[in-house]
Structures are given as structure tokens and as C-alpha cells.
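Let's take a look at how the parts of this protein model meet. Have the sequence and the 3D view open as you read.

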Number of protein chains: 2
Amino acid sequence: MARQNSSSAETLRERKQRRARDAIVGAAYALFAERGFDHVTVADIAERAEVGRATFFRYFGGKQEVVFDGDAQVDAEVVAAARRIPADGPIGGSLPAALAYLRSAVALLIERLTESPEEYRLHERLVAANPDLGARALAKQRRYVDTMTELLDERGAEPATASLAAEVALACFYAGRTAAGNDPDRLAKAVDDAFERVLGDRLGG
Amino acid sequence: MARQNSSSAETLRERKQRRARDAIVGAAYALFAERGFDHVTVADIAERAEVGRATFFRYFGGKQEVVFDGDAQVDAEVVAAARRIPADGPIGGSLPAALAYLRSAVALLIERLTESPEEYRLHERLVAANPDLGARALAKQRRYVDTMTELLDERGAEPATASLAAEVALACFYAGRTAAGNDPDRLAKAVDDAFERVLGDRLGG
């Protein structure tokens with residue numbers, strides 16, 4: 001996924017490192033799109049990125065890792081943004097309140113994930129076509145449940161409420177993704193609709 | 001997971017095959033419990049089960065497969081039982097009706113999964129401790145969403161309702177599993193409580 005570095009204090013060395021990483025990620029995505037993930041080697045990626053194999057391995061453990069490049073940074077940014085969402089008061093045992101908060105937090109995540117629609121589409125295609133990448137994506141999505149549970153805990157949600165709301169939020173994400181097909185432009189609305197159906201007119205306050 | 005063969009028309013050959021499979025599964029589970037999954041080889045399992053390696057590989061592709069032995073049969077039985085749950089009429093676009101049906105279907109699945117509490121506990125411990133097994137379990141749980149969506153489709157649910165209800169049902173399963181810890185005796189109640197909270201007093205009719 002696309003990364004941005006907004007730090008103005010970036011040193012020359014950091015800038016060079018970031019450029020090398022970005023070149024590797026760009027080359028890898030281009031090659032995956034052209035040939036399919038299975039038919040691209042690390043040597044191919046290094047050659048296209050005009051770096052040595054050693055440089056590749058300084059940044060990535062293998063071609064799988066390139067597909068999930070930047071996830072940790074995106075996740076940290078989204079969590080930080082989610083912490084800034086104004087609270088209506090402590091959530092306690094209210095499932096609707098917990099889901100309303102996560103609805104906003106998931107919207108922030110989706111905004112980031114679909115920032116570059118082309119990269120989103122290719123990422124989703126790669127993950128769908130490759131069982132190892134699929135397994136890694138599933139594991140990552142399960143970790144989102146832990147993150148959402150923690151965020152709710154920070155806002156005073158009871159453990160059982162936090163856990164259930166986090167699971168239901170992931171369910172809304174998946175249902176919305178199914179409804180949107182692989183179209184990043186429809187994802188945000190489709191996921192929000194899923195929250196609306198679970199929460200909106202039925203789960204009143 | 002435990003399997004039962006209730007067919008009275010089982011031939012001698014089938015009975016011998018089933019006994020060999022059961023011996024392999026029993027030996028494997030005993031060894032996994034004693035030494036941990038990573039420290040058990042196929043040769044160890046074959047030796048304990050008193051079969052040759054060739055016999056092992058006639059039934060299983062590897063030690064991972066033994067952990068998920070019988071899942072296909074359990075799943076088929078649960079789906080057949082779920083089809084027999086009386087319908088209150090076509091589900092259409094009603095999320096509460098779809099969830100009420102899945103609540104019963106998931107209860108049937110849990111009853112089967114926890115039939116042998118010791119095996120359930122060991123299975124869960126193995127899956128939690130081994131990333132490859134964990135990935136396989138996650139993929140299997142995602143396939144439950146497809147199965148639940150199909151069952152709802154057969155009962156006249158609209159596609160978007162079926163998809164969302166199936167996702168929320170899996171969410172209730174996960175939340176209940178978290179609440180129950182690794183205790184099979186608490187799982188059914190904990191999952192049902194999760195459905196109750198999403199559905200019961202809030203999502204009225």
C-alpha cells in the first residue's frame with residue numbers, strides 16, 4: 001500500500017532509504033501486475049528497481065513482504081487518528097455505542113486503504129489469487145480485532161462488549177467488501193451501509 | 001475432530017480403513033499432546049499407530065491434515081442438520097430473521113465441535129500454537145461464511161442480507177469463543193449470548 005513520509009526532518013540517508021524502498025515496491029507491483037505473483041522472483045524485482053539483491057533483502061524478507069509493505073505504518077496512523085475521534089462518553093456495556101465508534105474508525109482505515117485505487121485493486125487481486133498472501137491477509141485482519149478491542153478498552157468499554165463489537169465491525173468490513181466487489185470506490189459506502197443495517201435503524205441507542 | 005460412522009452397510013474393507021484412520025488420528029493427537037506439534041514426525045505417528053508410513057500417506061497428505069481430520073464430514077452433517085431447521089417463512093431482507101436461523105445452525109455446529117471436549121481443547125491448543133495450523137483454521141472459518149450464505153440463500157434471503165448475516169454469525173462465534181476461553185463446556189452458551197446481544201432485545205423482528 002502507498003506510504004507517505006511527511007516528516008520534514010528526514011535526513012539525506014533516510015530519504016535515500018525511502019526512495020530505494022519505494023522503487024522496490026513500485027517495481028514489484030508492476031511486475032506482479034504484468035506476470036502474476038508466482039512468476040516474479042526477487043531477482044526480477046531488484047533488476048527492475050535497479051538495486052542489488054542485497055539491497056532488496058536489506059528492506060524485505062521476500063516478495064510476500066513487499067505486498068504488505070507499509071501496513072504497519074498505515075495501521076499506526078489509523079490508530080492514532082481513531083484515538084482522536086471525539087467520544088460521546090464512556091462506552092461501558094453499550095454495544096451500539098461501541099459499534100458507532102468503530103464505524104468511524106473503520107471509515108478512517110478504508111479511506112487510507114483505498115487512497116491509491118489502483119494499488120488497492122492490485123493488492124486485492126494478488127491476495128485473492130495467492131493462498132499464502134491470502135493467509136497472511138486473514139491473519140492481519142484478525143489482528144485488527146485486537147486493535148479495535150484495545151481502542152474500545154481505552155474508551156471504557158466492558159471487555160465482552162469490546163470483543164463483540166470488534167468482531168461485528170470486522171464482519172461489517174467483510175460484508176461491505178463483498179458488496180463492493182473489488183471496487184475501491186464503492187468500499188467505504190458499502191461498509192458503512194453494513195454498519196447502518198446492524199446498528200442504525202434497529203439498534204437504537 | 002471425532003468422527004462417527006453410523007452406516008450399518010459398512011463393508012469389512014471400509015471398517016478396516018476406518019480403523020486405520022482412527023488409529024492414526026488417535027496416535028497423532030496423543031503425540032501432539034505429549035511433545036507438541038512441531039516435535040512429532042509422520043514416522044512417529046505411524047509407529048505409534050502401528051501402521052507403515054505408506055499407510056499414513058494413503059489417508060493423509062501430512063501431519064497437518066490429521067489435525068483437521070473429519071472436518072469435511074462434520075461440516076456436511078451440520079449443513080444437513082441445519083437444512084432441517086424449520087423455517088418461519090422466507091427470510092427475504094430481514095437481518096433479524098437471517099440471524100435467528102444462523103443462531104440455531106451455529107449451535108448445531110458447536111454441539112458437534114465440542115462433542116469430545118478433550119479433543120476440542122487439544123485441537124484449539126494446537127491451532128493456537130502453530131501458525132500454519134492457525135492459517136488453515138482461519139481459512140476454514142472463512143469458508144463457513146460461504147456455507148452460511150448458501151443456506152440463507154436457500155431460505156430466500158436477499159444476497160446482501162445473507163452475506164451480512166453470515167459475517168455477523170461468524171463474529172458471534174469468535175466473540176463467544178473469546179468469552180469462553182478454551183473451555184468447550186462454556187462455548188455454546190457464550191456464542192448464544194453473543195447472538196442474543198446482537199439480535200435479542202435490540203434487533204426486534
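How many residues of chain B are in contact with chain A? There are 23 of them, and they touch 23 residues of chain A; "contact" here means heavy atoms within 4.5 Å.

## Before we dig in

This is a predicted model, so local features need pLDDT of at least 70 and side-chain atom pairs count only at pLDDT 80 or more, while totals for chains, interfaces and linings use all residues. Residues are numbered from 1 along each chain as its sequence is written, chains are lettered from A and ligands numbered from 1 in the order in which they are written, and side-chain values use heavy atoms, with hydrogens and water left out.

## Where chain B meets chain A

Chain B and chain A bury about 2,000 Å² between them, and carbon and sulfur atoms give 69% of that. (Buried area is the accessible area, taken with a 1.4 Å probe, that two parts lose on being put together, summed over both.) The interface has 0 salt bridges, meaning a side-chain nitrogen of Lys or Arg within 4 Å of a carboxyl oxygen of Asp or Glu. What you do get is 4 residue pairs in polar contact, both at pLDDT 80 or more. That term covers a pair of N or O atoms within 3.5 Å; within protein, one must be able to donate a hydrogen and the other to accept it, and residues adjacent in sequence count only if both atoms are side-chain atoms.

Which parts of chain B do the touching? α6 (95-113), α8 (131-154), α9 (159-180) and α10 (184-200) of chain B each supply at least two residues. Helices are DSSP runs (H or I, at least four residues), numbered from the N terminus. The top contributor is α9(B), with 11 residues.

Now for chain A by itself.

Together, domain 1 and domain 2 of chain A bury about 840 Å², 65% of it on carbon and sulfur atoms. On the domain 1 side, Y29(A), Q64(A) and V67(A) supply 62% of the area buried against domain 2, more than any other three residues.
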